[in-house]
Amino acid sequence: MDPDTKKCRESKPHSSNSNGSKCSHSKFPDEALEKVLSFIDSHKDRNTVSLVCKEWYNAERWTRSNLFIGNCYSVSPEIVSKRFPRIKSVRIKGKPRFSDFNMLPRDWGANVHAWLVMFAEVYPFLEELRLKRMTVNDDSLELLAKSFTGFKALSLLSCDGFTDDGLKFVATHCRNLTELDIQDSVAVDVGGDWLTCFPENFSSLEILNFASLNSEVNFESLEKLVNRCKKTLRVLKVNESITLDQLQRLLVHAPNLVELGTGSFMQELTPRQYEDVGSAFSNCGKLRVLSGLWDATDLHFSVLYGACAKLTFLNFSEAVLQSGELAKLLAHCPNLRRLWVIDTVQDKGLEAVGSSCPLLEELRVFPLDPYDLDHQHGVTEQGLLAVSLGCPKLHYLLYFCRRMTNAAVIAAVKNCPNFTHFRLCIMNPGQPDHLTKSPMDAAFAAVVKTCPKLRRLSVSGLLTDKTFESIGEYAKNLETLSVAFAGSSDKAMVCVLRGCPKLRKLEIRDCPFGNAALLSGVEKYEMMRSLWMSACDVTMKGCRMLAREMPRLNVEVIEDEGSDDGAKAGKVYVYRTVAGPRRDAPPFVLTL
């Protein structure tokens, strides 16, 4: 226990909480309090516990081992190290989500190195590091690999900056590694030689994912590694360079897989080879998640049938399937809970989803090419309606389409009223109801009225301020809202900021919202994680006014065309912070 805490308890029988009231828990034994707190894993619950009184604050800081930082600029490494002395697992998010759509300059920031320098000094016992949208260079991976002798898990989601050399450091020096998860990350000059760097006696991997690395792989080294880890390996996701016959050899060595990401199916096999691949899949009795499947067609699906019955998640976001191909496979997947597909399955494919997947809880439909405005195929309101009729447990939807109707959305949420995530992306900006040509206001009003559990919402299509009036009135549990090409006036944003008490992230692009809308959230932004506005009507003057009014916010203007008050602020990123202005801001980021 912290000595200061013990001293406080001895001198103050009743310590005060932040409101000055007496803490009725002062006689709670130190050891018992620490024991109770050790069972609380949720970072939200722990944050609440730390606010009870000074004793609980100190007990919580000494017992916390897992740290989540939702914005790497919301706090500094120095502040974190002073507050939490015993951290073993860290999860950090970096760039805002719009960086996924190339809306941030390349060198915007979110480099992890300063954090790792601090971790090496204060947390030599660090075991896990999970990063999302951060820059991770080879020097950082070398520092990580050589600083933490008991390091076990590294996850890089949508990260960039590293090469083959960085992965070699991890493979060579992290002797206790159980997880290496590289997902949707952009690496340069990465070959397959890093797999040869794992020691010959290394056998602890439970998760290995390099599906997003676009390079050839040293298959001999990979096969030896999988064989050494066959007792522990639960997740294996390989990249497109792995062929079907190579995959079959890996599956023989990995009978305990729960999740598999395959390589490419573009390979001609003999009947005997097909039989061997099918047998390997059938022997994966614990398999629940399947992804990858590059270039797969219905000619290959027969080899998967033996593993389909127990699958709960199928990820076809890399497989360009037609409706008939999807229907054939889904007929063998009665227990599916999650499904990701590309819109090439069209409405008939989604009709098969509705008829074959009664337990489905999550559906994501991605566009084959979101920038092809002449693309006439894909999915429509008919596919959405078919899924909602057959999948009453659906509560997570991401749906890219080029047309939609109010009636279809109203019927869909009536059929599935438990939506927590409803992300409808009509790709043609300002698209009205396909049949009536009216705005899509009624659709999203129905979503927020019918789905009280809604936490995340993405709106699109032709929308007036009426949509946002409904969101402000009914979406009381909404945490994240994404808006594009919508709204009529500042009133829309004002309604949302004043009406959604739990709102934490607001993402807006190409909307007619100006200074009045921005400044209407002055009292709200400190309770939110971030606000993003791009291509709106906000000016530099409005941004400066917000910065003056709320000094505990970082108000950043990115790539502004001018610094005079009348100039429009092209991209505005606002977030709460206890660390002050960024110390690594590049010249094109102006912190007000």
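Apart from its neighbours within four places in sequence, glutamate 362 is in contact (heavy atoms within 4.5 Å) with Arg337, Arg338, Leu339, Trp340, Leu394 and Tyr396. The structure is a predicted model, in which local features need pLDDT of at least 70 and side-chain atom pairs count only at pLDDT 80 or more, while totals for chains, interfaces and linings use all residues. Residues are numbered from 1 along each chain as its sequence is written, and side-chain values use heavy atoms, with hydrogens and water left out.

- Glutamate 362 belongs to strand S12 (residues 362-366); helices (H or I, at least four residues) and strands (E, at least two) are DSSP runs, numbered from the N terminus.
- With a relative accessible area of 8%, glutamate 362 is buried; buried means under 20% relative accessible area, exposed over 50%, and partly exposed in between (1.4 Å probe, protein chains only).
- Threonine 591 lies in strand S21 (residues 589-591) and is partly exposed, at 25% relative accessibility.
- Leaving aside neighbours within four places in sequence, threonine 591 is in contact with Asn554, Val555, Glu556 and Pro581.
- Threonine 591 and asparagine 256 are 335 residues apart along the chain, and their C-alpha atoms are separated by 51 Å.

**Helix H6**

- Trp115, Leu116, Met118 and Phe119 are buried in helix H6 (residues 113-122).
- These residues lie on the same side of H6, because they cover an arc of only 160° around the axis; the arc is that of the directions from the helix axis to the C-beta atoms.
- An α-helix has 3.6 residues a turn, so residues three or four places apart point the same way.
- The packing partners of the buried residues of H6 are strand S1 (66-69), helix H5 (77-83), strand S2 (89-93), strand S3 (128-132) and helix H7 (138-147).

**Cysteines**

- A disulfide is a covalent bond between the sulfur atoms of two cysteines.
- Under the rule used here (a pair of cysteine sulfur atoms within 2.5 Å), the count comes to zero disulfides.
- For cysteine 284, which is in no disulfide, the nearest cysteine sulfur is that of cysteine 308, 12 Å away.
- Cysteine 357 is in no disulfide either, the nearest cysteine sulfur being that of cysteine 391 at 6.0 Å.
- Cysteine 284 is buried, with a relative accessible area of 5%, and cysteine 357 is buried, with a value of 0%.

**Cavity and pocket**

- On a 1 Å grid over the protein atoms alone, a cavity is a set of points where a 1.4 Å probe fits but cannot get out, and a pocket is an open set with protein on both sides within 12 Å along at least five of seven lines; lining residues have an atom within 4 Å of a point.
- Grid points are joined across faces, edges and corners, and a volume is the space filled by probe spheres set on the points.
- There is one cavity of 30 Å³ or more, and the largest cavity has a volume of about 30 Å³.
- Its lining consists of Phe468, Leu481, Val483, Ala492, Met493, Val496, Leu506, Ile508 and Phe513.
- Strand S16 (480-484), helix H19 (490-499) and strand S17 (505-509) give two or more residues each to the lining of the largest cavity, and H19 gives the most, with three.
- The second largest pocket holds about 1200 Å³ of space.
- Among the 30 residues that line the second largest pocket, Asn47, Ser74, Arg83, Arg576 and Val578 lie nearest its centre.
- At least two residues of this pocket's lining come from each of helix H3 (43-49), S1 and H5.
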